[in-house]
Amino acid sequence: MERRDFMTLGAVAVAGSVLNAGESTQNNLKPTHAEAYELKPLNFNPKSLKGLSEKIIMSHYNNNYGGAVKRGKIIEEKIAQLQSNANPFELGALKREQMAAINSMILHEYYFDNLGASGKVSDTLTKALTASFGSIEKWEDEFRKTALSLGGGSGWVFLVYNDRLKRVENVWAWDHMHGLWDSKILLALDMYEHSYQMDFGANAKEYLNAFFANINWDVVNKRFEK
Ligand SMILES: [Fe+2]
């Protein structure tokens, strides 16, 4: 269990019992949206990845991604139940944990969707990477070093297109709460140890080699074209 999980359980305990989805629309409670908390299926065969075992992919999918989806739903129900005379800190604690859970859900979906070892970097993305970094090799070197800076810690690395900067950029994120606003995620890399510890121990460098061997560039290219 992550530190975040303990924090979530603590925050959730503040607000009383859980209603089933939909029930919270009664008695002037804020409506909930259970349909948002459906697990998105993997778009690749978990046995097919190079260097990443089916065991770690399914554990990551069910426990970490699945856990975030469940937490997001529970926290939304807790917020819906919060009475109007509740203290702001009670709502604030839940809102903080809600953001962590929903961001974790969304980021894991980006991560799993950009796995599956397919295609290669498109010409248009190559041009954008070259314009921002000098070459694809220099982009990859910076992306890997940013990832290694999180080795043994918790966080994400993203290749994004940022609307304000009008260019692609690598983004360091210490946890599910960091991001560069006005960005579209093109490539997401999970650097939490649960992503690689089972297969590689503390060897984040080997995990990075496996990640790069399994990137679904067709998905990344489509994200960029959008
Ligand atoms: Fe993860």
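Student: Are Trp 139 and Phe 212 buried or exposed?
Tutor: This is a predicted model, where local features need pLDDT of at least 70, side-chain atom pairs count only at pLDDT 80 or more, and totals for chains, interfaces and linings use all residues. Residues are numbered from 1 along each chain as its sequence is written, and side-chain values use heavy atoms, with hydrogens and water left out. By relative accessible area (under 20% buried, over 50% exposed, partly exposed in between; 1.4 Å probe, protein chains only), Trp 139 and Phe 212 are both buried.

Student: How many aromatic pairs does the structure hold?
Tutor: Rings of Phe, Tyr and Trp (its six-membered ring) pair if their centres lie within 6.5 Å. By that criterion, the number of aromatic pairs in the structure is 16.

Student: Which class of pair do the rings of Tyr 61 and Phe 112 form?
Tutor: Planes under 30 degrees apart are stacked, over 60 edge-to-face and the rest tilted. The ring centres of Tyr 61 and Phe 112 are 5.8 Å apart and the planes stand at 65°, so the class is edge-to-face.

Student: How many residues apart are Tyr 61 and Phe 112?
Tutor: Tyr 61 belongs to helix α2 and Phe 112 to helix α3; helices (H or I, at least four residues) and strands (E, at least two) are DSSP runs, numbered from the N terminus.

Student: What is the angle between the planes of Trp 139 and Phe 212, and how many residues apart in sequence are the parts tied together?
Tutor: This aromatic pair is tilted, at 5.9 Å centre to centre and 55° between the planes.

Student: Which residue has its charged end over the ring of Phe 212?
Tutor: A charge sits over a ring if NZ of Lys or CZ of Arg is within 6 Å of the ring centre and within 35 degrees of the ring normal. Here the distance to the centre of the Phe 212 ring is 4.5 Å, and the residue is Arg 144.

Student: Which residue of β2 is the bridge partner of Trp 156?
Tutor: Strand β1 (residues 156–162) and β2 run antiparallel, joined by seven bridges; strands pair if DSSP finds at least two. Trp 156 also belongs to a cluster linked by ring pairs, with Phe 158 and Tyr 192 among the members. In β2, its bridge partner is Ala 173.

Student: Which residue in the turn of the hairpin has a positive phi?
Tutor: β1 and β2 form this hairpin, with four residues between them. Five of the seven residues of β2 (residues 167–173) are buried, so this strand is largely enclosed by the rest of the structure. In the turn, phi is about 60° at Lys 166.
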